[in-house]
Amino acid sequence: MVERYEIRFSGAGGQGLITAGIILAEAASIIEGRHAVQSQSYGPEARGGASKSEVIIGEGPIDYPKATIVDACLAMTQEAADKYAVGIKKGGVLLVDSDFVPRPPQGDYKIYSLPIMRTAKVDVGREIVANVIALGAMIALTDVVKRESGEQAVLAKVPEAFKDLNKKAYSLGFEKMKEVLAG
Amino acid sequence: MAKKIALLQGNEACAMGALYAGCNFFGGYPITPSTEVAEVMAAELPKIGGKFIQMEDEIGAMASIIGAALAGSKALTATSGPGVSLKQELIGYACIAEVPCVIINVMRGGPSTGMPTGPGQSDVMQARWGTHGDHAAIALCPASCQEIFSETVRAFNLAEKYRMPVQVLFDEIVGHMRERIVFPEPGELEVVDRTAPSVPPEKYKPFDTSFGDVPPLAAFGSEYRFHVTGLNKAEDGFPTTKAELVDAEERRQIRKVECPEARADIELNEEYMTEDAEVVIFAYGSTARSARYAVNELREQGIKAGLFRPITLWPFPEKRVAQLGEQVKAMVVAEMNLGQMVFEVERIVKSTCKLGLVTRVDGDPLTPTQIIDQVKEVL
């Protein structure tokens with residue numbers, strides 16, 4: 001079997017989690033030259049309600065393009081957590097926004113929490129970068145791509161004027177997660 | 001120099017493939033889940049002097065590409081099942097008038113409005129028999145973003161070579177998912193242009209079969225003047241009811257696609273672990289990705305499974321399916337409809353092996369587990 005690593009980003013439509021998925025897929029498949037497939041919810045929920053984006057990363061071609069057993073899941077809202085924090089594998093990880101997911105679904109996986117939206121608002125000053133903070137945190141949590149690959153993919157995606165902002169957001173997400181992991 | 005690579009949606013890859021093939025006209029009407037094809041064409045065609053037009057409806061879109069193609073363009077439209085239903089009369093027109101053009105169908109559920117944002121594979125028989133009357137059909141069914149690019153190029157090539165409409169069918173899953181595309185360099189993939197007339201304008205006949213089953217096509221509106229009609233016609237393009245001419249035309253239009261040489265040229269399949277297989281899964285498009293996963297799992301469990309994936313759905317790969325039917329104990333057809341291609345497979349293998357079917361129409365893809373369960377049940 002081709003080894004596959006499955007990551008699901010979920011949150012409210014409009015929070016930029018589809019973009020976060022695309023950036024992770026670019027980091028893996030364009031920058032690191034591995035294989036990745038990104039898919040997303042496509043219904044009206046993409047513009048409100050709970051939406052998700054899935055990335056499958058592997059060392060060889062990826063056949064089945066949807067998640068089978070999720071290795072790592074992000075949930076930015078309670079609704080998204082209730083709907084999409086399912087099918088996480090034994091020993092997998094779930095990262096939730098500590099302010100917006102008061103009741104993370106329990107299971108045979110580790111649950112971590114970070115104040116992602118608050119970090120965007122208070123530390124960076126722009127809520128819009130919450131998805132980039134979340135991406136940095138998920139990469140720190142999973143090591144699925146190198147820190148530099150993620151940063152390079154983020155910077156390739158944003159206009160020149162917003163590069164510093166996004167670089168800061170990505171680093172904050174990555175480092176805050178590493179602090180949590182270090183206990 | 002390193003090749004250009006990008007992470008693209010299937011629909012975006014389709015548009016890029018069309019441009020590679022020399023497409024310079026797009027006429028369409030937006031419809032989920034195909035709209036990104038039109039979006040990319042709208043952005044890119046003006047840069048290369050091509051034309052993009054959003055028509056008043058699906059029928060007008062089909063009419064526009066027939067007109068553009070006759071006038072010498074390589075023309076594309078992209079739609080989904082409900083749009084293809086509306087286009088059927090004109091698809092038949094393109095068949096009988098022998099107009100090269102490409103129709104993309106990003107399949108969703110159906111019939112009618114169905115489930116616009118969910119995937120489906122229930123238009124595969126429509127691609128064969130959607131328009132009335134005897135006619136040949138070419139339909140291609142890619143399963144990855146890279147293959148959507150290359151099969152769109154091949155669709156244009158086949159349209160030009162056989163002077164007829166060609167359909168490319170994929171579904172919402174591959175249409176919207178993103179994968180890495182390695183862009184072929186110019187010249188790396190074959191690009192075919194229609195055969196232009198070798199005779200002077202006054203000698204030109206648009207259906208002159210002395211040049212073979214696919215007569216050369218002049219650009220309408222050039223110094224070559226000719227008549228185009230949806231009626232049965234003689235070599236000069238004017239309507240006829242003469243029995244022998246009608247019979248010859250009808251038979252030629254089937255023969256140009258279904259003769260052994262043409263089939264060998266048009267048919268394209270991928271096989272995975274079929275050499276020693278005792279059970280073969282017949283699956284196409286995104287479902288074939290689940291089937292491949294299933295084959296790997298079954299092999300790990302000691303079951304000699306293989307995958308047969310038609311990339312050309314029409315004409316149907318009769319010869320190879322018959323050979324596999326002789327080889328295996330069972331075939332299992334997996335499709336996101338309630339059983340369509342299974343009838344073709346059954347027609348070929350009914351006396352040689354057992355046949356199973358696994359289907360799904362609820363908007364989610366067939367999972368590897370569903371396919372594995374069906375394989376075990378049939379065995």
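In this predicted model, 15 residues of chain A are in contact with 19 residues of chain B. On the side of chain A that touches chain B, the elements giving two or more residues are α1 and β2 (35–40) of chain A. The largest share of that side, 5 residues, is from α1(A). Its make-up by class is 8 nonpolar, 4 polar and 3 charged residues.

**Strand pairing between the chains**
- β2(A) is joined by 2 bridges to strand β8 (residues 178–182) of chain B, and the two run antiparallel.
- Opposite A:Val37 stands B:Glu179, a residue of β8(B).

**Nonpolar core**
- The largest nonpolar core has 174 residues.
- The residues with the most contacts inside this core are A:Ala75 and A:Ala137 in chain A, with B:Ile281 and B:Val332 in chain B.
- α4(A) supplies the largest share of the core, 10 residues.
- With neighbours within four places in sequence left aside, the contacts of A:Ala75 are A:Ser10, A:Gly11, A:Ala80, A:Ala81, A:Tyr84, A:Ala85, A:Leu94, A:Val96 and A:Val101.

**Helix α5 of chain A**
- Helix α5 of chain A spans residues 147–157, and A:Gly150, A:Glu151, A:Ala153 and A:Val154 are buried in it.
- An α-helix has 3.6 residues a turn, so residues three or four places apart point the same way.
- The buried residues of α5(A) are covered by elements including α1 (17–31), α4 (130–142) and α6 (163–182) of chain A.

Methods: Residues are numbered from 1 along each chain as its sequence is written. Chains are lettered from A and ligands numbered from 1 in the order in which they are written. This is a predicted model: local features need pLDDT of at least 70, side-chain atom pairs count only at pLDDT 80 or more; totals for chains, interfaces and linings use all residues. A residue is buried if 20 or more other C-beta atoms lie within 10 Å of its own, exposed if 12 or fewer, and partly exposed in between; C-beta atoms are placed from the backbone. Helices (H or I, at least four residues) and strands (E, at least two) are DSSP runs, numbered from the N terminus. Two residues are in contact if their C-beta atoms, placed from the backbone, lie within 7 Å. A nonpolar core is a set of buried Ala, Val, Leu, Ile, Met, Phe, Trp, Tyr and Cys residues joined through C-beta atoms within 7 Å. Ala, Val, Leu, Ile, Met, Phe, Trp, Tyr, Cys and Pro count as nonpolar, Asp, Glu, Lys and Arg as charged, and the others, Gly among them, as polar. Two strands pair if DSSP finds at least two bridges between them.
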